[in-house]
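Please look over the chain shown below before reading on.

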Amino acid sequence: MVMTPRPRVEWAPEMLRYDFGTGHPMSPARLALTIDLAGELGLLEHVDVVAAQVAPDELLTTVHEAAYVAAVRRAADEGVRDEARGLGTRDDPIFPGMHEASARAVQGTHDGALAVWRGETDHAVNIAGGLHHAMPGAASGFCVYNDAAVAIRALLDAGAERVAYVDVDAHHGDGVQAVFWDDPRVLTVSVHESGRTLFPGSGHAYETGGQHAEGSVVNLPLPAGTSDAGWLRAIDAVVPPVLHAFGPDVLVTQHGCDTHRMDPLSNLRVTVDAQRLVAQRLHDLAHEVAHGRWVALGGGGYAVVDVVPRAWAHLLAVAAHRPVDPDQVVPQAWRDRVARDFGREGPVSMSDGAVPAFRTWESGFDPADEVDRAIRATRAEAFPLLGLDVHHE
Ligand SMILES: [Zn+2]
Ligand SMILES: [Zn+2]
């Protein structure tokens, strides 16, 4: 038996400096609580924790405009707002160290991706990454630099011919889609709450890629209120077939957990149990279609105590090939820390008590059902462009 190398986790306490300030939903406590929980569950003993440095400008500018990087520095160092570039807005307030903290998240995802590409490890995880809304010339939706896009570009530059990106955050992965819109080497797939009810408003099924890359963009917008059964059914009906058809060399996934029913910013109704199942499925797909090369990222998630730590501890566990039993009790030491730091009770179980089940698309669909109509629309737009049969597969 061949021993596979230990998975990598890109983590440094300095990543907690990505902090828009008190009252902002994207509290760095969500990362600290996740790493703490993973530690208490014994997961960090089975991975290589690697401390990312701050990405140099030469790396950032493979995706971002030099003038934008300069504007981020000016904002952070001199407090100069630049609302045209999204800096100093309500979503993206300026904070000291903004450039360094954002560039460190980029370097983490980049290093993990290249370690996977070079075969030093099969899987790399960066829970501080997945900043999918950042645009080449602007901050957006709590995202300053687009770590996923920079890492994908680096994979292409290193020789990967095809990279697939799957984003299951509640919000459309618009920044990554925009960067590779007209690049046939990159398949971007986003499953999200419809833009009719949620930021950023894009991610319609008819967005399928630029004229040189038709079919390289797949969007699956779901109605507000979609719960486990619909979310899992939708992912199963679209993601495996498009990944098999595309045949990537590497799979990059974004695991924003703001799909959860307790999340304050989205209207989806997913449980930690379904999120765990999807992490496992995307892991398995990396082995099925991409030689096991898997780069998994965090993303959104604003139920800082109740959801994010458990969702991403499960993700880390999956990547470490040491899945955590959903029935496992949350370690008391972690709950004590929550009580001390937050003055409230933390979750007791690694499960929400849901037993996620779904019907497969092959078993038939209901034209009156909103989720089914969304799935059908996406398959109708995307499948023919990828050489897939809308009715089968
Ligand atoms: Zn694996
Ligand atoms: Zn999100």
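## V179 in helix α6

V179 belongs to helix α6, which covers residues 174–179, in what is a predicted model. Because 20 or more other C-beta atoms within 10 Å make a residue buried, V179, with 24 C-beta neighbours inside that distance, counts as buried. When residues up to four places away in sequence are left aside, the residues that V179 touches are V63, P136, N146 and A149.

## F246 in helix α7

Helix α7 runs over residues 228–246, and F246 is found in it. F246 has 22 other C-beta atoms within 10 Å and is therefore buried. Its contacts, not counting residues up to four places away in sequence, are R162, A164, L187 and L386.

How far apart are the C-alpha atoms of F246 and R185? They are separated by 9.4 Å, although the two residues stand 61 residues apart along the chain.

Helix α1 is made of 12 residues, 29–40, and the distance from its first C-alpha to its last is 16 Å, which is close to the 16 Å expected at 1.5 Å a residue. After α1 comes G42, a residue with a positive phi, near 80°.

Within α1, the buried residues are R30, L31, L33, T34, I35, L37 and A38. An α-helix has 3.6 residues a turn, so residues three or four places apart point the same way.

## The packing of α8 and α9

Two packed helices are described by the angle between their axes and the distance between the axes. For helix α8, residues 272–289, and α9, the angle is about 25° and the axes are 9 Å apart. Angles under 35 degrees count as roughly parallel, and α8 and α9 are therefore roughly parallel to each other. Their crossing is right-handed.

Which residues of α8 and α9 meet? On the α8 side they are V272, Q275, R276, A279, Q280 and H283, while on the α9 side they are R310, A311, H314, L315, V318 and A319. Sorted by class, the contact of α8 with α9 has six nonpolar, four polar and two charged residues.

## Backbone details in the loops

F142, which lies in the loop between β3 (123–126) and α5 (147–157), has a phi near 75°, a positive value in a residue other than glycine. Is F142 buried or exposed? With 21 C-beta neighbours inside 10 Å, F142 counts as buried. H291 is likewise not a glycine, yet it has a positive phi of about 55°, and its place is the loop between α8 and β8 (294–297). H291 has 15 other C-beta atoms within 10 Å, and it is therefore partly exposed.

Key. Residues numbered from 1 in each chain as written. Chains lettered and ligands numbered in written order. Predicted model: local features only at pLDDT ≥ 70, side-chain atom pairs only at ≥ 80, totals over all residues. Helix = DSSP H or I, 4+ residues; strand = E, 2+ residues; numbered from the N terminus. Expected span 1.5 Å × (residues − 1). Buried ≥ 20, exposed ≤ 12 C-beta atoms within 10 Å, placed from the backbone. Axes fitted to C-alpha atoms, helices over the stretch in contact; angles between N-to-C directions. Parallel < 35°, antiparallel > 145°, perpendicular 65-115°, else oblique. Left-handed = near helix turned anticlockwise from the far one by under 90°. Contact = placed C-beta atoms within 7 Å. Nonpolar A, V, L, I, M, F, W, Y, C, P; charged D, E, K, R; others polar.
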